[in-house]
Amino acid sequence: MALNEYGMRSSAVVGSSLIGWTAGGAVLLMAVRLAWLWRLRRAPSIGFALYLALVGCCALAGYALACSYAYPITRYFNMAVLLPIGCFAAFMAWEPSARARGAAVVVFVLWGGANLVDNGRVIREAYVNPQPDPHRELTEFLLSNQIRYARAGYWDAYVVDFLSRERVIVGSYGPARIPEYERAVDENQDTAVHIERLPCEGWAKVAAWCIQLPVPRADEGPR
């Protein structure tokens, strides 16, 4: 998986088809085995394991609903890993065979090891070959020009709010994110700039955006 195809600023290529098929096959076998053991009414409680698996299923559903965007939003997929973890926890509690439990442990250790290697690769790539950070560039531009209030698209607004540590308050054109931010921008419309993605026109162009001054004060410059 090339991470730059999934909305991440990294040129690293991670993942393993072999590990993926191995882990996926093991989870499927464990699920089938758990269904069989459930018929035997095994005694140990697996309520927490089922809870983890349910959270993972919900994450998968959320990820599927997010696929209409320009690129997959991988952070919505993070908790989906709780599905195989919950399955593994239930399997370890119910499976009577020590060999079967040992085999499951080996598969999950291999899976975790592969992920550890990938994390190291991503960290190294970020250090050796850092990628441009357009949102950081936009945030620094707003701060350097003492722009306090702005309005931007939903996915840009919350990033700038975070990177600026609320020194720049950015409201959203789309869904309302934080009511306090929206009220603050509405109350300062005469000084709030508008941030639009290219192609666009404005007082300044920064990375992938145009900065448009508020109409009443377009001749006075940013404040």
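In the predicted model, Arg197 is partly exposed, its relative accessibility being 44%. The side chain of Arg197 takes part in a salt bridge with that of Asp156, with an N to O distance of 2.7 Å. This pair connects distant parts of the chain, since Arg197 belongs to strand E3 (residues 193-197) and Asp156 to helix H6 (residues 154-163), 41 residues apart. Asp156, in turn, has a relative accessibility of 5% and is classed as buried.

A salt bridge is also found between Asp186 and Arg151, whose closest N and O atoms lie 2.8 Å apart. Asp186 is located in helix H7 (residues 179-187) and Arg151 in strand E1 (residues 149-152), so this contact ties together parts separated by 35 residues in sequence. The relative accessibility of Asp186 is 42%, which places this residue in the partly exposed class, whereas Arg151, at 13%, counts as buried. Both residues belong to a network of salt bridges that also includes Glu182.

A further salt bridge joins the side chains of Asp118 and Arg121, at 2.5 Å from N to O. These two residues are three positions apart within helix H4 (residues 98-128), and about one helical turn therefore separates them. Asp118 is buried, with 13% relative accessible area, while Arg121 is partly exposed at 36%.

In total, seven salt bridges are counted in the model, among them the pairs Arg197 and Asp156, Asp186 and Arg151, and Asp118 and Arg121.

Key
Residues are numbered from 1 along each chain as its sequence is written. This is a predicted model: local features need pLDDT of at least 70, side-chain atom pairs count only at pLDDT 80 or more; totals for chains, interfaces and linings use all residues. Side-chain values use heavy atoms; hydrogens and water are left out. A salt bridge is a side-chain nitrogen of Lys or Arg within 4 Å of a carboxyl oxygen of Asp or Glu. Helices (H or I, at least four residues) and strands (E, at least two) are DSSP runs, numbered from the N terminus. Buried means under 20% relative accessible area, exposed over 50%, partly exposed in between (1.4 Å probe, protein chains only).
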